[in-house]
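This report describes a few local features of one protein model. Please look over the sequence and the structure before reading on.

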Amino acid sequence: MNILERLSHELNLPLDRLEATVALLDEGNTVPFVARYRKEVTGGLDDTVLRTLCDRLTYLRNLEKRKDEVRVLIDAQGALDDAVNAAIDAAETVTEVDDIYRPFRPKRRTRASVARERGLSPLADLLMKQEARYTPSLEEAAAAYINEENSITSVEDAFAGARDILAEQISDNAVYRRELRSLTERHGTISSRKLENAAAVYEQYFEYSEPAAKIPSHRILALNRGENEGALSVSVTVERDLILNYLFSEVVTNPKSPAFAHISSAVCDSYDRLIAPSVEREIRNDLTDRASESAIALFSMNLKNLLLQSPLKGKTVLGYDPGYRTGCKLAVVTKTGAVVETAVIYPTKPHERIAESKKTVTRLIQKYGVDVVAIGNGTASGESEKFIAELLGELGGKTKYIIVSEAGASVYSASELGAEEFPDFDVTERSAVSIARRLQDPLAELVKIDPKSIGVGQYQHDMKPARLDEALTGVVEDAVNSVGVDVNTASYSLLSYIAGINKTSAKNIVKYREENGEFRTRKEILKVPRFGAKAFQQAAGFLRIPDGEEILDNTGVHPESYAVTKKLLETFGRTLADVRGGLNLRDDVKKYGGMKKLADTLGCGEPTLADILAEIEKPGRDIRDSLPPPILRDKVLSIEDLEPGMTMTGTVRNVIDFGAFVDIGVHQDGLVHISEIADRFIRHPSEVLSVGDVVTVRIKSVDVKKGRIGLTMRKE
């Protein structure tokens with residue numbers, strides 16, 4: 001079975017479609033472009049499936065590359081026979097290939113290699129024959145190897161060296177290793193114990209054990225972190241008799257042989273000294289890899305939902321970065337995202353200039369018609385919320401406020417990008433701007449921040465950085481391209497995530513825009529230096545020009561489909577002008593005879609036709625508009641105000657393996673445990689909840705001292 005056949009089987013995809021899809025990707029087409037504009041080829045595979053396909057394709061190609069490398073290395077030793085070749089062909093993982101190569105790999109100096117140098121291989125071979133009777137006896141045969149120059153001074157020295165050779169041979173057997181790994185995975189236990197000076201946060205793992213086959217991802221990562229921080233000792237163990245029973249059944253051919261004691265000793269030594277530590281490392285690595293992939297998948301899902309939260313359009317926002325000693329930084333951001341004024345107030349300790357601070361905020365609200373105050377949820381957030389809520393009440397309550405996550409705002413503020421955007425602002429002023437803008441357009445602002453700093457994952461800092469960056473970059477790409485960007489207003493950081501556009505070409509687009517004015521058509525983008533036809537093909541459909549010369553430039557219709565779209569309009573006696581306000585042709589299509597007949601007439605595929613109809617029905621549409629808007633507030637609640645049984649409305653801030661954290665407006669997110677999410681059994685919280693969901697919850701428990709809030713979504 002070749003790679004594509006295997007992928008077809010694993011992903012349950014028709015082989016012909018898979019081959020065509022892989023060909024598109026190999027030609028350098030991006031995942032967003034293929035997912036959106038090559039549906040006829042892929043059968044409508046979405047970006048998530050395509051990225052899974054890419055990851056698996058890369059792994060299998062690397063596996064084949066490793067197989068070829070191992071074949072060459074073994075062949076160079078003259079040992080590549082049909083059996084070895086067949087074993088390599090049958091290997092399904094890189095680990096299995098490495099197991100096959102193990103006996104042929106040049107070894108560092110070991111006890112077995114020393115014994116071989118001393119000429120004891122024939123004695124090891126003699127023992128392994130396990131004959132019923134030996135003539136001469138084994139002791140006499142071993143005595144022939146006594147040689148003080150080789151440090152073999154006794155029969156026992158000779159036997160010990162021979163057993164070392166046998167132990168290594170057993171350890172190097174790929175079949176044995178595969179089975180022992182499987183037995184340990186299925187029947188092993190992962191345990192942990194407390195080390196000296198262990199932090200209390202790991203208390204539940206001080207004396208802990210669980211079947212390795214059942215341990216969930218978040219506990220594996222917690223144990224790893226505890227081990228890395230010197231708080232825990234972690235091990236994987238399995239019942240020794242289970243392992244030895246298997247090895248004895250494979251290795252021992254004659255238990256009545258005089259060699260049995262030596263074979264038995266070699267088997268036990270092979271497992272205890274060579275196999276067990278190696279298998280434990282491999283299983284720990286496998287568990288960590290699986291847990292990491294699970295955590296990355298969860299982080300990716302949360303990140304995508306966060307990026308695609310509903311923007312607060314058409315509102316002037318006052319960004320408010322709370323603080324104590326250095327004051328609270330303010331930034332007024334207009335409906336178009338422009339920063340028109342910044343200020344500093346001191347309503348919190350140690351200054352508490354309440355009256356002066358109220359005067360400043362009132363002036364800004366009235367001067368610029370501020371609709372919403374966006375308060376960061378960091379230091380001094382609670383005091384700032386009380387101050388703003390009281391002031392807004394005095395002003396009549398027309399202006400609302402909302403608490404906005406500051407996660408990553410400080411990272412952006414101190415970044416090179418932040419300095420480029422606002423060279424005359426200090427770090428906290430940039431943070432206030434970021435807080436306001438992430439409310440106005442979460443996607444446009446959050447793409448400026450390293451995804452790992454956004455705070456919607458679990459144990460993300462324990463992941464392999466390269467793999468995490470690769471996965472999260474793909475998520476951001478998919479989110480940005482699914483929404484599309486206004487090429488005349490988008491920052492270069494946002495443009496750089498559009499299919500076919502890298503940071504260099506994004507900066508070139510912005511520079512061209514600044515020097516030549518707004519783009520009037522998509523085609524004009526081809527005038528940007530070092531922006532060629534291939535990049536244009538990948539990017540064009542995701543770039544929008546709202547008030548340009550071509551109405552279709554403000555839709556997701558790709559320029560390559562403009563002719564089909566115009567032919568569609570002509571078919572029903574419509575013009576491009578009719579599209580500007582939105583054009584619903586679904587009844588016309590039915591009267592014509594349906595999608596298939598119309599697609600055949602127009603010379604396009606049904607998926608492309610369906611997308612065109614959706615785009616001209618709502619030109620300039622934003623897929624985020626259908627999502628629930630952020631919850632704006634006008635009064636303060638604290639954890640002390642909560643009582644069990646109270647019903648609240650909140651926003652899901654993070655989904656993790658064992659539940660979800662929900663912001664109910666009291667500065668401390670409440671936890672809905674997985675068992676409290678639904679009245680039915682669910683395997684994972686993500687089956688019901690996503691980041692950004694607005695949900696109704698009931699207070700189950702409140703621990704003011706520890707700052708813990710238990711929530712439930714189950715019926716009473």
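## The model

This is a predicted model, in which local features need pLDDT of at least 70 and side-chain atom pairs count only at pLDDT 80 or more, while totals for chains, interfaces and linings use all residues. Residues are numbered from 1 along each chain as its sequence is written, and side-chain values use heavy atoms, with hydrogens and water left out.

## The largest pocket

The largest pocket holds about 1,200 Å³ of space. A pocket is an open set of points on a 1 Å grid over the protein atoms alone, where a 1.4 Å probe fits, with protein on both sides within 12 Å along at least five of seven lines. The volume is the space filled by probe spheres set on the points, which are joined across faces, edges and corners.

The lining consists of 39 residues, where a lining residue has an atom within 4 Å of a point. Asp441, Ala444, Asp486, Thr489 and Ala490 lie nearest the centre of the pocket. Among the elements that give two or more residues to this lining are helix H20 (427-440), strand E9 (485-486) and helix H24 (503-516). Helices (H or I, at least four residues) and strands (E, at least two) are DSSP runs, numbered from the N terminus. By class, the lining has 13 nonpolar, 10 polar and 16 charged residues. Ala, Val, Leu, Ile, Met, Phe, Trp, Tyr, Cys and Pro count as nonpolar, Asp, Glu, Lys and Arg as charged, and the others, Gly among them, as polar.

## Helix H26 and its partners

The axes of helix H26 (residues 562-571) and helix H29 (residues 595-602) come within 10 Å and cross at roughly 120 degrees. Axes are lines fitted to C-alpha atoms, for helices over the stretch in contact, and angles run from 0 to 180 degrees between N-to-C directions. H26 is therefore oblique to H29; angles under 35 degrees count as roughly parallel, over 145 as roughly antiparallel, 65 to 115 as roughly perpendicular and the rest as oblique.

With helix H30 (residues 606-617), the axis of H26 comes within 11 Å and crosses at roughly 70 degrees, so H26 and H30 are roughly perpendicular to each other. Val564, Thr565, Leu568 and Leu569 of H26 meet Leu609, Ile612, Leu613 and Ile616 of H30 (contact means heavy atoms within 4.5 Å). This contact has 7 nonpolar, 1 polar and no charged residues.

## Backbone details

The peptide bond from Thr135 to Pro136 is cis, with omega near 0 degrees. Asn12 is not a glycine, yet has a positive phi of about 55 degrees.
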